[in-house]
Amino acid sequence: MDHTLYKKFGAHIKKVDGKTGVFFSLYAPNAINISIVGDFNDWNGQQNSMIKDNATNIWSLFVPDLEEGTIYKYMITDKNGNSFLKSDPFAFYSEIRPNTASVVYNPFKAFEWEDGEWLDKKAAENSYKKPISIYELHLGSWKRNYNRGEGPEDGREFLNYKEIAEQLVPYILETGFTHVEILPLTEHPLDESWGYQGVGYFSITSRFGTPEDFKHFVNICHKSGIGVILDWVPGHFCKDAHGLYRFDGTPLFEYDHGILGENPVWGTANFDFTKPFVKNFLLSSATFLFEYFHIDGIRADAISNLLYLEYAREKTGLKNALGGDAKLEAIDFLKTLNETIFKLYKNPLMIAEEATSWPLVTAPSYNGGLGFNYKWNMGWMNDMLKYMSYSPQERQKHQNLLTFSLMYAFSENYVLALSHDEVVHGKKSLLDRMSGDYIQKFDSLRMFYGFMIGHPGKKLIFMGGEIGQFIEWRCHEELEWKLLKYPQHDALKTYIGKLNQFYKSEPALWEKDSSSEGFEWINHKNQTQKLVTFIRKGDNPEDFILVVCNFTNNQYFNHTIGVPRMAEYIEVFNSDKDTFGGSNELNQKMIKPINREFDDQPFSISINIAPLCTLFLKPIFKKRGN
């Protein structure tokens, strides 16, 4: 496998025979003729014809006197004599939509990176034993260039990568997230695809500036201790005429098979993983992002679409060579992808969005797994959002939605994801999905976030969830920042910041995320009162936290819960605090235990808990001699 195709293909500024120009190289085995066209030759396909190497099917040409910034396309003539224009699959930069030409750009030129300390720190760490709280965002709608005095008044639609960094990094530090995850930045023609229907797998989208501007963005994030994850789409691509679809007049990148090649769910085409060139193309795209942009991880989109021959479509009985429904060649690619990334880069985050029960997604390939190190927990997300939509009175019948995730929580390394997909297409925003009146919705959302922090697994929420948007996400509008003028919304943002800060400070909440040794139910069967209590445990036997969640709108005084140790307990976090928008029903005094068994625990304590509240308790162990 070749993971550096970008060094061979595309447009590279070079000096040949003493002349500086651009060397173009393209793989198009079924084309009859290819020429390079652009403003430099008035888009005349009769000039600058490329030369084909019949042994390799690679077309190439050196054009002197071309410079960085030159726009170009390939004029391709197929076997039927049809000529059409295509952008460069290996373009390093592209025109901003609606224009579709490629742009000569040198991504290899020196950049003054200042993130050595971050990279060294990451290389020495084990992410499984670190807190990970991810802020997922869409750069085009987090903030827009409304000439609010924060950006140049030049009529641009979007902020530049540098301008985004100036505003986003302080915001992430304030709200306490450890990483940002950005919806795809590979070049794409349609805004409404959110980047998930791409054409430029080596071209960081020009909507927000140049590739160098994006390097600046990553550099600033790393200098501030913030990791950067990119969404990346290895399964399918858009069918726009200038893109990869039927690139040389034949299915070059996609399957030459109606069922395998066409993706009716998204109206796209599926990559053909039986072709070595396609696998090398995608593998090179991934390594390019790590190598030249210093990203910390990839969230691979729609992995289920790669695992099954007929995923999310009407079944026709299509089988693989072994008689099963697995897409064997794509599975082989995923294993190779992960093996390559983990070999080349220290402690990357390779996260799979996989929506089925496919086993061993996060197991190493040498143990029969796909080789990712994290997987989105779609089951937890679906169950919990359904549970939270029920009124407290209805929840008694649906306790399994609350507890079932612990039956499989340690079968993979999970990320609990409340992603962009959950706040669009009529699903409502997270806040609006909570049951109850205005105040109860805020109480419920804070309680839910607290439960999420206590539940095993790394964390992710999509932008807007931290300020309590009532409307769904709209990709053409920025977040409703004006909501922060209202006390409940501003208090929710404060809560998220303090909750993340608390999460990061407590090893018991993340040191054993992927081990059943890090979790113990105290009481998950209290369906009548709808309170659940559990313990999270760190590596140190004396480092544990009790998590108590009240999913009702009833307040409980002197509520008894079992505890494992005879020690005094202190409340260390409470979602009902008044500065978070709650009623301030707190346990402010030291909580003394009694020598009485309860909840199958040897000792017990009594606490007060507000309606729709999550609270956290820690034991205080006295040192010997005191």
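Reader: How many bridges join S1 to strand S2 (residues 19–27)?
Author: Happy to start there, in a predicted model where local features need pLDDT of at least 70, side-chain atom pairs count only at pLDDT 80 or more, and totals for chains, interfaces and linings use all residues. Residues are numbered from 1 along each chain as its sequence is written, and side-chain values use heavy atoms, leaving out hydrogens and water. Strands here are DSSP runs (E, at least two residues), and helices likewise (H or I, at least four), numbered from the N terminus; two strands pair if DSSP finds at least two bridges between them. S1 and S2 run antiparallel, and the bridges joining them number seven.

Reader: Which residue in S2 is the bridge partner of Val16?
Author: Val16 lies in strand S1 (10–16), an edge strand that pairs on one side only. Its bridge partner in S2 is Lys19.

Reader: What order do the strands of the open sheet have?
Author: The sheet has four strands with antiparallel pairing. Its edge strands are S1 and S4 (51–53). The order is S1-S2-S5-S4.

Reader: Are H3 and H4 roughly parallel or roughly antiparallel?
Author: H3 (residues 161–175) and H4 (residues 211–223) pack with axes 8 Å apart, at an angle of about 15°. Axes are lines fitted to C-alpha atoms, for helices over the stretch in contact, and angles run from 0 to 180 degrees between N-to-C directions. Angles under 35 degrees count as roughly parallel, over 145 as roughly antiparallel, 65 to 115 as roughly perpendicular and the rest as oblique. The angle therefore makes H3 and H4 roughly parallel.
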